[in-house]
Amino acid sequence: MSRLVVVSNRVTPITEGEPTAGGLAAGVLDALKQKGGIWFGWSGEITDDAASVEHTERSVGPITLFTIDLCRPDYDAFYRGFANGTLWPTLHYQVGHAHFDWAEFAGYRRVNELFARALATLVQPDDLIWAHDYHLLCLAEAVRAAGLRNRIGLFLHTPFPAPAVFMTDPAHAELIRAMCHFDLLGFQTEEDRTAFTDYVLREAGATMDEGRLVAFGHTVKCGVYPIGVHVQEVRALAAAPANRRYASRLRTSLHGRPLILSVDRLDYSKGLRQRFIAFERFLEHHPHHHGQVVFMQIAPPSRSDIHVYREIRRELEAEAGRINGRFAEVDWMPLRYLNRGFARNALMPLYAEAQVGLVTPLRDGMNLVAKEYVAAQDPENPGVLVLSQFAGAARELDAALIVNP
Ligand code: ADP
Ligand code: G6P
């Protein structure tokens, strides 16, 4: 029987009650919980040994996890280097944060090949391989080189930028050629799909055949499949009496003041710096709100061994201190800044407490926080979502207040 084999760089944590590490982990876990299958990826461990396809196996309900470790040079070149130092900023239009090094791109390819070799030991001929995100753009090419003929698709959780932006990455042609080895490419929005097909048609001499792209001797279908959340499940977590204690602690601490809530991984693409400055300007221009409103930013550290991520963390700590120092009163602290993750059963009731959900990324593939915030609201007395026009979610959540961050 055909099995679903999910492949992503990040697989952990999978334990119920632990915070999820971003939208990919939350979305994949939801999909696999329903259908069951295999989830293959990096263990999160870095070893001093040479790279190896040796994997660890663990089963959680209907999901079997297979993970491999990365050796230090591969981790540095692939994860810290090309994936997060070149691709992530480029895909999010933050080219000022991008650097490039061919040696890191070689490391990126090496890890895609390592994943493919490990998969070759796991998959059966009729298994369906479903790869995820920007870490694995070269996986299909490597899977074919490893001799596998399985159907293989990729879902890109991030935006795909306009061709002129993508081409600032010197490896753009190699990446596009590799992406054309997938049978199916999934994007979050029509804008992302169009940007990709524009590139392939204009720069790589591709043609269209019955809605499919034909390029480099391959045929690839490109689709739009916006990632979502389980609305009923989110609302149930938000309203469950056992979870209400998180909300009551928060409510007690607010003394009846309305709450503006933001929840993001601590990433420069999330627009946190601009958001803090916007809140400061709001307090400056509207003194009658002093003492009347609280802005809470939850932002667990992310990719903290990469320089720009450490830098933005330091900067935000200073900004939070400065803004509070400027406006706080003896009985009111305007900005609460929490550098930690929350389990989902704690986070969903917090969304439900907030009168305003403030979600203002500079760019985001989708932004599940926006959807979770809406789903968590009490339908009798919902809050308001303020949403960046640059989040994929803005294409769907058209009742939000759409802003330019
Ligand atoms: P990204 O994938 O870039 O991190 P998303 O908004 O799409 O952005 O997804 C973030 C996911 O991570 C959401 O499911 C959200 O609930 C979860 N998350 C974000 N911050 C926290 C936090 N502080 N604690 C727990 N979960 C969090
Ligand atoms: C985003 C990316 C995911 C990534 C997650 C956490 O959601 O789309 O691919 O897993 O951030 O980042 P990390 O670097 O910790 O895996």
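Start at ligand 1: one of its oxygen atoms sits 2.7 Å from a polar backbone atom of Gly23. I call that a polar contact, meaning a pair of N or O atoms within 3.5 Å; within protein, one must be able to donate a hydrogen and the other to accept it, and residues adjacent in sequence count only if both atoms are side-chain atoms.

A word on the source. This is a predicted model, where local features need pLDDT of at least 70, side-chain atom pairs count only at pLDDT 80 or more, and totals for chains, interfaces and linings use all residues. Residues are numbered from 1 along each chain as its sequence is written, chains are lettered from A and ligands numbered from 1 in the order in which they are written, and side-chain values use heavy atoms, with hydrogens and water left out.

Back to ligand 1. Phe342 brings a backbone N or O atom to 2.7 Å from a nitrogen atom of the ligand. Leu368 places a backbone N or O atom 2.9 Å from a ligand oxygen. How much of ligand 1 does the protein bury? Alone, ligand 1 exposes 570 Å², and the protein buries 94% of that. Those areas come from the Shrake-Rupley method with a 1.4 Å probe; for residues, only the protein chains shown count as cover.

The shell holds 20 residues, each with a heavy atom within 4 Å of the ligand. The closest are Gly23, Arg265, Lys270, Phe342 and Glu372. Helices H1 (23-35), H12 (344-353) and H13 (368-376) each supply at least two shell residues. Helices here are DSSP runs (H or I, at least four residues), strands likewise (E, at least two), numbered from the N terminus. By class, the shell has 10 nonpolar, five polar and five charged residues. Nonpolar covers Ala, Val, Leu, Ile, Met, Phe, Trp, Tyr, Cys and Pro; charged covers Asp, Glu, Lys and Arg; the others, Gly among them, are polar.

Next, ligand 2. It has 13 residues around it, the closest being Arg10, Tyr79, Asp133, Arg265 and Arg303. Arg265 is also listed among the closest to ligand 1. The side chain of Asp133 has an N or O atom 2.5 Å from an oxygen of ligand 2. For the Arg10 side chain, that distance is 2.8 Å. On its own, ligand 2 has 380 Å² of accessible area, and the protein covers 93%. H1 and H2 give two or more residues to this shell.

Now Gln188. It lies in the loop between strand E7 (184-187) and helix H7 (190-203). Is Gln188 buried or exposed? Buried, at 2% relative accessibility. The scale is under 20% for buried, over 50% for exposed, and partly exposed in between (1.4 Å probe, protein chains only). Which backbone atoms does its side chain reach? A polar side-chain atom lies 3.0 Å from the backbone oxygen of His157. Another pairing, at 3.1 Å, involves the backbone nitrogen of Ile227.

Last, helix H6, residues 172-179. His172, Leu175, Ile176, Ala178 and Met179 are buried. They line one face of the helix, because down the H6 axis they fall within an arc of 160°, taken from the directions from the helix axis to the C-beta atoms. Ala173, also in H6, is partly exposed at 39%.
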